[in-house]
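Subject: Structure handover

Hi,

Here is the structure I promised to pass on. Please open it alongside this email; my notes follow below.

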Amino acid sequence: MSTLRASALVEILDLLPDRVVRYRVEDLTVLYCNRAWSVQWDREPQELIGSQLDRLLRPEEIEGLTIQLSRLGPSNPVLDDVAVRPATRQQGRWIQWTDRYLHTPDGPHILAVGRDVTERLAAEQQLAENERHFRALAD
């Protein structure tokens with residue numbers, strides 16, 4: 001990929017609201033992240049390249065990451081996490097992750113994309129509350 005094409009791709013990924021991170025499985029080193037992913041640490045993406053996830057994430061996040069990694073591999077290369085997880089360092093925000101296993105010459109990598117589902121969860125909770133209310137009225 002030419003430098004121009006790579007920089008255009010980075011620019012596009014930085015415009016996304018989804019959090020995007022690529023890391024090496026062997027040592028959990030961040031190889032790429034977009035702005036939406038880096039903002040949770042109040043840093044620029046290039047400042048986080050080379051960081052290790054196990055030093056950035058909270059213990060419960062590392063536990064979730066370990067579970068995801070145990071499910072991913074060549075025979076199961078894409079995993080949509082059914083669990084909605086609290087956003088790192090952003091209280092009240094909820095993220096749902098999709099991970100993709102990538103086989104590369106220097107070993108396996110993971111491309112993880114996290115979508116903020118906070119508004120969807122709030123709408124689902126409101127719908128359930130309305131349903132309970134109308135069911136009580138009907139009874």
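Arg 5 is exposed, because its relative accessibility of 56% is over the 50% cut-off. Arg 5 sits in helix α1, which covers residues 3-15. Asp 42 lies 37 residues away from Arg 5 in sequence, and the two C-alpha atoms are 27 Å apart in space. Asp 42 is exposed too, with a relative accessible area of 64%. Asp 42 belongs to the loop between α2 (35-38) and α3 (45-48). Its backbone is worth a look: phi of Asp 42 is positive, about 55°, although the residue is not a glycine.

Leu 28 also has a positive phi, near 60°, and is likewise not a glycine. Leu 28 lies in the loop between β1 and β2. Exposed or buried, then, for Leu 28? It is buried, because 14% relative accessibility is under the 20% cut-off.

Confidence and overall layout

Please keep in mind that this is a predicted model. The mean pLDDT of the protein is 88, and 97% of the residues score at least 70. Strand β2 (residues 30-33) has the highest confidence, at 97. β4 has the lowest, at a mean of 76. Where pLDDT is low, the predicted coordinates should not be read in detail.

The protein has six helices and six strands. Along the sequence they run α-β-β-α-α-α-α-β-β-β-β-α. The C-alpha atoms fill a box of roughly 65 × 30 × 25 Å along the principal axes. The chain has 139 residues, and 35% of them count as buried.

The largest pocket

The largest pocket holds about 440 Å³ of space. It is lined by 24 residues, and those closest to its centre are Leu 57, Glu 61, Leu 65, Arg 85 and Trp 97. Which element gives the most to the lining of the largest pocket? Helix α5 does, with five residues. At least two lining residues each come from β1 (19-24), α5 (59-71), β4 (85-86) and β5 (94-104). β4 is also the element with the lowest confidence, at a mean of 76.

Salt bridges

A search of the whole structure finds 11 salt bridges. Two of them involve residues that I listed at the pocket centre.

Glu 61 pairs with Arg 58, with the closest N and O atoms 3.4 Å apart. Glu 61 is buried, because its relative accessible area of 13% is under 20%. Arg 58 is partly exposed, at 31%.

Arg 85 pairs with Asp 81, and here the closest N and O atoms are 2.7 Å apart. Asp 81 is buried, at 5% relative accessibility. Arg 85 is partly exposed, with a relative accessible area of 24%.

Glu 129 bridges to Arg 132, with the closest N and O atoms 2.9 Å apart. Both residues lie in helix α6 (residues 118-138). They are three residues apart, about one turn of the helix. Glu 129 is partly exposed, with a relative accessible area of 40%.

There is also a network of salt bridges, which links Arg 24, Asp 27 and Asp 106.

The aromatic pair

How many aromatic pairs does the structure hold? One. Trp 37 and Trp 41 form it. Their ring centres are 4.6 Å apart, with 50° between the planes. The pair counts as tilted, because 50° falls between the cut-offs of 30 and 60 degrees. Trp 37 is buried, at 3% relative accessibility. Trp 41 is buried as well, at 7%.

Where to start

I would open the view at the largest pocket, with Glu 61 and Arg 85 among the residues closest to its centre. The Trp 37 and Trp 41 pair could come next. After that, turn to the positive phi values at Leu 28 and Asp 42.

Best wishes

Technical notes. Residues numbered from 1 in each chain as written. Predicted model: local features only at pLDDT ≥ 70, side-chain atom pairs only at ≥ 80, totals over all residues. Heavy atoms only, no water. 1 Å grid on protein atoms, 1.4 Å probe; cavity = no way out; pocket = protein on both sides within 12 Å on 5 of 7 lines; lining within 4 Å. Points joined across faces, edges and corners; volume = space filled by probe spheres on them. Helix = DSSP H or I, 4+ residues; strand = E, 2+ residues; numbered from the N terminus. Phe/Tyr/Trp six-rings, centres within 6.5 Å; stacked < 30°, edge-to-face > 60°. Buried < 20%, exposed > 50% of the residue type's maximum accessible area, 1.4 Å probe, protein only. Salt bridge = Lys/Arg side-chain N within 4 Å of Asp/Glu carboxyl O. pLDDT = per-residue confidence, 0-100.
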